[in-house]
Amino acid sequence: MQLTRLSVKDYVQRVADGYPTPGGGSVCALAGSLGAALCLMVANLTLGREKYRSEWPEMHKLSHSVSNLLSGLLELAERDAEAYDGVLSAYKLDQKNESQKEERRDAIDSAMKQAALVPMEVLRALAKLTDFVEEAIEKGNPNCLCDIAVAAQLIRATAIGASYNVRVNLSNIADKNFSSCLQNEMTGLKNNIVQAIDRLEARIEVAFKM
């Protein structure tokens, strides 16, 4: 099933119906893509407005970069569901003898690694997107302040949610060196994103009071 080809209503209903996928990881990536979409919206509502002509070159660059991030996050919404389906398949493997048990353990470990790597990619994309949100606040159409504020909050929620999805998969991986490296990167990225959004939120609050 190609989740991103479902209607919004059908996607939400599939989540609500209690299927194993899409779950929290896929929803996180989708939320991140909506944050990117709002950032792109600000760029497009700045381009073509004569009063913001001086910002057009930067908005063109932003539009191109954020479009790529948006596409990537939508792909990650699909890949997260596929990764978890891989985990479920690995757990269903036979374990009637020692050879099968070892193959099953290896398959689970490999599937768990993939399931952890997908939300890590979400975090990496969000780290880049956060910079573009800041640029949109500084140089974008000021009439879109509320929209970019929502984008910032979606990024925060997605970063925290993606970090949970990394952690839950790392806890089941036998390769401790792999887990430690990914844990360190995940913690650094999540903290940096949340701190950056906190700073942007403070600027947004000041703008709303002006």
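Pro 22 sits in the loop that links helix H1 (8-16) and H2, where helices (H or I, at least four residues) are DSSP runs numbered from the N terminus. The bond between Thr 21 and Pro 22 is a cis peptide bond, with omega at about 0 degrees. This is a predicted model, in which local features need pLDDT of at least 70, side-chain atom pairs count only at pLDDT 80 or more, and totals for chains, interfaces and linings use all residues. Residues are numbered from 1 along each chain as its sequence is written, and side-chain values use heavy atoms, leaving out hydrogens and water.

- Cys 39 touches Val 66, Phe 132 and Ala 151, among others, not counting residues up to four places away in sequence; a contact here means heavy atoms within 4.5 Å.

**The cysteines**

- The whole structure has zero disulfides, meaning pairs of cysteine sulfur atoms within 2.5 Å.
- For Cys 28, the nearest cysteine sulfur, in Cys 39, is 19 Å away.
- Cys 28 counts as buried because its relative accessibility is 11%, and buried means under 20% relative accessible area, exposed over 50%, partly exposed in between (1.4 Å probe, protein chains only).
- Cys 146 is partly exposed at 46%, and its sulfur is 9.9 Å from the closest cysteine sulfur, in Cys 144, too far for a bond.

Note on methods
Helix = DSSP H or I, 4+ residues; strand = E, 2+ residues; numbered from the N terminus.
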